[in-house]
Amino acid sequence: MKRPSLNLLFVALCFLLAASTVAKTDLFVSSASVSFRIVAEKQSYEAGDEVQLEYRITNISNIPLYVPQQWAVTCPTVPHIWAWFEDSSGNHLVPDSTRDCVQKKQSIQERMTKEAVLLKPGEHVSGPLRLDPKSFHLAPGRYRVEASMTGWSEETFNAEQRAELEKMGHPFVTGEAPDSLTIIITGDLPDHPVDHRL
């Protein structure tokens, strides 16, 4: 009678050890754990007007997790949330990037206070995306606005930094979640015809 109970105890102990190991390695979770959406205040904009969008990240998993909360570039990394235009030929139009990038020395805790927000299951965070057509040199026509939320990459953190992240108690989203919509830029038509098939 004692042997089955010892076997059950051994199995339970192995299960707990395995669960503990999994929990420790789950510092990053897939972007499939969140929903990323963008919406426009309107569909049509005058040439030269700022295109005003809002993004929303929703935790659709069953655990609390950290998601990006800002769009501004954090040097030296690319922004976690950003947007660009695609024209009728499928060309990606990105804004001019001529400003100098000065790397700021900061701890993981300081960095994540600015970059990350903890969302419980079902909670969301939202924020503005502002696109200036003049920065993209857009002619009047129909364009697709594409946006992306990119989480953190495990490879960019060393062992000491990962240990600091683990102290925050919940996993961080990794990978990419895209979304898109179509807008129209109105104004004087260009000399060449615009393809409106988007």
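His-137 has its place in the loop between helix H3 (133–136) and strand E10, where helices (H or I, at least four residues) and strands (E, at least two) are DSSP runs, numbered from the N terminus. This is a predicted model, in which local features need pLDDT of at least 70 and side-chain atom pairs count only at pLDDT 80 or more, while totals for chains, interfaces and linings use all residues. Residues are numbered from 1 along each chain as its sequence is written, and side-chain values use heavy atoms, with hydrogens and water left out.

**The loop residue**

- Phi of His-137 is near 55°, which is a positive value in a residue other than glycine.
- His-137 is exposed, with a relative accessible area of 61%; buried means under 20% relative accessible area, exposed over 50%, and partly exposed in between (1.4 Å probe, protein chains only).

**The chain as a whole**

- The secondary structure of the chain comes to four helices and 12 strands, and buried residues make up 33% of its 198 residues.
- Of the contacts (heavy atoms within 4.5 Å) in the chain with a separation of 6 or more, 83% are between residues 24 or more positions apart.
- The chain exposes about 12,300 Å², of which carbon and sulfur atoms supply 55%; such areas come from the Shrake-Rupley method with a 1.4 Å probe, and for residues only the protein chains shown count as cover.

- Strand E10 (residues 141–150) runs antiparallel to E12 and is joined to it by 10 bridges, and Ala-147 has Asp-179 in E12 as its bridge partner; two strands pair if DSSP finds at least two bridges between them.
- Strand E3 (residues 44–46) runs parallel to E12, with three bridges joining the two, and Glu-46 stands opposite Thr-186 in E12.

**The three-stranded open sheet**

- An open sheet of three strands has the order E2-E4-E9, and its pairing is antiparallel.
- Strand E2 (34–40) and strand E9 (124–131) stand at the edges with a single partner strand each, so one side of each is left without a neighbour in the sheet.
- Strand E4 (residues 51–59) pairs with E9 in the antiparallel sense over eight bridges, and Arg-56 has Ser-126 in E9 as its bridge partner.
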